[in-house]
Amino acid sequence: MHRGFSTDVIGLLVEDGVITEEDVSKAQGVRERKGGKLEDILVELGVIDAHDMLSYRALALETVPIHLDNLTIPEEVLDLVPEDMAVKYRLIPIFHTSAALTVAMANPLDIHTIDDIERRTRLRVVPMLSSEEEIEEAIKRSYKTSRELVGDYLKRIQPGEELETVRTAAEDEIMDTASLERLAEDAPGASDIHIEAYEDRLRIRFRVDGVLEEKDSPPKQLQPAIVSRIKIMSDMDIAERRRPQDGRLKVRMPAGNVTLRVSTLPTPFGEKVVMRIADESKTMLGLDELGMSVDVLERYTQSIERPYGMILVTGPTGSGKTATLYASLNRINQPEVNIITIEDPIEYLITGLNQVEINPRAGRTFASVLRAILRQDPDIVMVGEIRDLETADLAVEAALTGHLVFSTLHTMCNSSETRQSAVPKL
């Protein structure tokens, strides 16, 4: 039985030896007499722990379990979903960004409820699985705390103070939030997203123009659920937490598809996740859209149209080296030329290019693949990055023997220097 597509929780439990067929028969007998769900009855009989049952339910539904014990939910998150709606739909909001709302649900497959919340909040709902009991307790605990906070605030209003002050303060807060959202939308795009685990908190950082910037982070309690969800979407093994893993996922955005290259790394307080953002719309950028000055663009265009030589694009992480290479290859991609690339990994698939992804474990390094490529009668070769002397020697040799070679060199900027876009070295 393939776990990724099974919705039979009982089957998974029996398959893993957590429960026996005899346990199932006993639970079915109780259900015939009293009714109820078979999974809940197994928990009541003490055959399986409630937390373990939740994990198996999530596995069967291909979703992520979230335990709400001792979880503190910010008041602004609770305000997005009224208490009566939370009780009616058996759910509770737990975290939100400017675009999405994470919700713990007893039934994360209830698309009608999800649609209802999305219409109300105008946010994309990210459902996670929790038990009805934990959701009920979290609703009582969280909304009660929220009501008490509001009550305390109203008590602090002086006898002669108008309630209009409360309304004005709320409006100011909304205006401030909107201003922050506009600033976020106007900010330059990030090239990487870092999710880092520490003993007492979870840190989110974006790399913008080569510099990491810390952003508002979700509660520490959500760390396992967030990491598991990312690993599921990236086709990784969610049970493997002791070894690094690599994956890839695609996200649909209004402006086009975005591919995320995902990497996990075990740390003492959980797995660190780094997602490299690859905007597929950038594959079709023209050279004149990269921000080069007119004279540099003219010289560069003449250079890439030569039959042989080497062109290096240099700059720090996120400066646009890859975008420049793909724009260049798009410009000279013609049926009469043989273009072969070596990449780690392949970021964009382009028709007309023969693209090879390196795999050091399988012996496919930049140097070994480059040697093989030179026996494939290439006109143009793109080496994703020159990282060692052997690759550099082979690339120079290829350029000197009638091939046009594109590659990159990773360079650093001092903090006092002004960061700029990737610069092609002619």
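Reader: How many helices and strands does the secondary structure of the chain come to?

Author: The model is a predicted one. Its chain has secondary structure of both kinds, and the count comes to 14 helices and 15 strands.

Reader: What share of the residues of the chain count as buried?

Author: A residue is buried when its relative accessible area is under 20%. The chain has 426 residues, and the share that counts as buried is 41%.

Reader: Among contacts between residues at least 6 apart in sequence, what share join residues at least 24 apart?

Author: The contacts considered are those in the chain between residues at least 6 apart in sequence. Of these, the share that joins residues at least 24 apart is 55%.

Reader: How far apart are the end C-alpha atoms of helix H12, and what span should its residues have?

Author: Helix H12 covers residues 321-332, which is twelve residues. The expected span takes 1.5 Å times one less than the number of residues. On that basis H12 should span 16 Å, and this agrees with the distance between its end C-alpha atoms, 17 Å.

Reader: Why is H12 described as largely enclosed by the rest of the structure?

Author: The buried residues of H12 include Lys321, Leu325, Tyr326 and Leu329. They pack against helix H11 (294-304) and several strands, among them E10 (309-315) and E14 (404-410). H12 is largely enclosed because the number of its twelve residues that are buried is nine.

Reader: At what angle do H11 and H12 pack, and how far apart are their axes?

Author: Two packed helices are described by the angle between their axes and the distance between the axes. For H11 and H12 the angle is about 60° and the distance is 10 Å.

Reader: Which word describes how H11 and H12 lie to each other?

Author: The angle between H11 and H12 is about 60°. Angles under 35 degrees count as roughly parallel, and those from 65 to 115 as roughly perpendicular. H11 and H12 are therefore oblique.

Reader: Which residues make the contact between H11 and H12?

Author: H11 passes H12 in a right-handed crossing. From H11 the contact takes Tyr300, Thr301 and Ile304, and from H12 it takes Thr324, Ser328, Arg331 and Ile332.

Reader: Is Arg371 buried, partly exposed or exposed?

Author: Arg371 belongs to helix H13 (residues 366-373). Its relative accessibility is 35%, so Arg371 counts as partly exposed.

Reader: Leaving aside neighbours within four places in sequence, which residues is Arg371 in contact with?

Author: Arg371 and Thr391 are 20 residues apart in sequence, and their C-alpha atoms are 9.2 Å apart in space. With neighbours within four places set aside, the contacts of Arg371 are Glu390 and Leu394.

Key. Residues are numbered from 1 along each chain as its sequence is written. This is a predicted model: local features need pLDDT of at least 70, side-chain atom pairs count only at pLDDT 80 or more; totals for chains, interfaces and linings use all residues. Side-chain values use heavy atoms; hydrogens and water are left out. Helices (H or I, at least four residues) and strands (E, at least two) are DSSP runs, numbered from the N terminus. Buried means under 20% relative accessible area, exposed over 50%, partly exposed in between (1.4 Å probe, protein chains only). Contact means heavy atoms within 4.5 Å. Axes are lines fitted to C-alpha atoms, for helices over the stretch in contact, and angles run from 0 to 180 degrees between N-to-C directions. Angles under 35 degrees count as roughly parallel, over 145 as roughly antiparallel, 65 to 115 as roughly perpendicular and the rest as oblique. A crossing is left-handed if the near helix is turned anticlockwise from the far one by less than a right angle, and right-handed if clockwise.
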